[in-house]
Amino acid sequence: MWDDAPGVPCKQEPDPCSERGRGLLMVEALAVAWGHHPLSLDAEHPGKVVWAALARSGK
């Protein structure tokens, strides 16, 4: 997943009635690892990629 927003992703603790803010909580619950890196080192072109590694089940 990627976006063009500056900054780094951060987990939130949303209000139970909130309709937003649970994305990284779900990623962390399902992934064995996750992280992010910038799309560009150029400050005029911000953005980031968020990645996740999932465990493989079965054979």
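The structure is a predicted model, in which local features need pLDDT of at least 70, side-chain atom pairs count only at pLDDT 80 or more, and totals for chains, interfaces and linings use all residues. Residues are numbered from 1 along each chain as its sequence is written, and side-chain values use heavy atoms, with hydrogens and water left out.

## The largest pocket

The largest pocket holds about 330 Å³. Its lining has 16 residues, and those closest to the centre are Cys10, Gln12, Gly21, Gly23 and Leu24. Two or more lining residues come from each of β1 (2–3), α1 (23–30) and β3 (48–53). Helix α1 gives the largest share, with four residues. By type, the lining divides into eight nonpolar, three polar and five charged residues.

On a 1 Å grid over the protein atoms alone, a pocket is an open set of points where a 1.4 Å probe fits, with protein on both sides within 12 Å along at least five of seven lines, and a lining residue has an atom within 4 Å of a point. Grid points are joined across faces, edges and corners, and the volume is the space filled by probe spheres set on the points. Helices (H or I, at least four residues) and strands (E, at least two) are DSSP runs numbered from the N terminus. Ala, Val, Leu, Ile, Met, Phe, Trp, Tyr, Cys and Pro count as nonpolar, Asp, Glu, Lys and Arg as charged, and the others, Gly among them, as polar.

## Two salt bridges

The structure holds two salt bridges, each being a side-chain nitrogen of Lys or Arg within 4 Å of a carboxyl oxygen of Asp or Glu.

| Pair | Closest N and O atoms |
|---|---|
| Lys48 and Asp3 | 2.9 Å |
| Glu28 and Lys11 | 2.9 Å |

Lys48 lies in strand β3 and Asp3 in strand β1, so this pair ties together parts 45 residues apart in sequence. Glu28 lies in helix α1 and Lys11 in the loop between β1 and α1, so their bridge ties together parts 17 residues apart in sequence.

How exposed are these residues? Buried means under 20% relative accessible area, exposed over 50%, and partly exposed in between (1.4 Å probe, protein chains only). Lys48 is buried at 7%, whereas Asp3 is partly exposed at 29%. Glu28 is partly exposed at 37%, and Lys11 is partly exposed at 41%.

## Residues in their surroundings

Not counting residues up to four places away in sequence, Lys48 touches several others, including Trp2, Val8 and His37; contact means heavy atoms within 4.5 Å.

Gln12, one of the residues closest to the pocket centre, sits in the loop between β1 and α1 and is partly exposed at 46%. Leaving aside neighbours within four places in sequence, Gln12 is in contact with Gly21 and Leu25.
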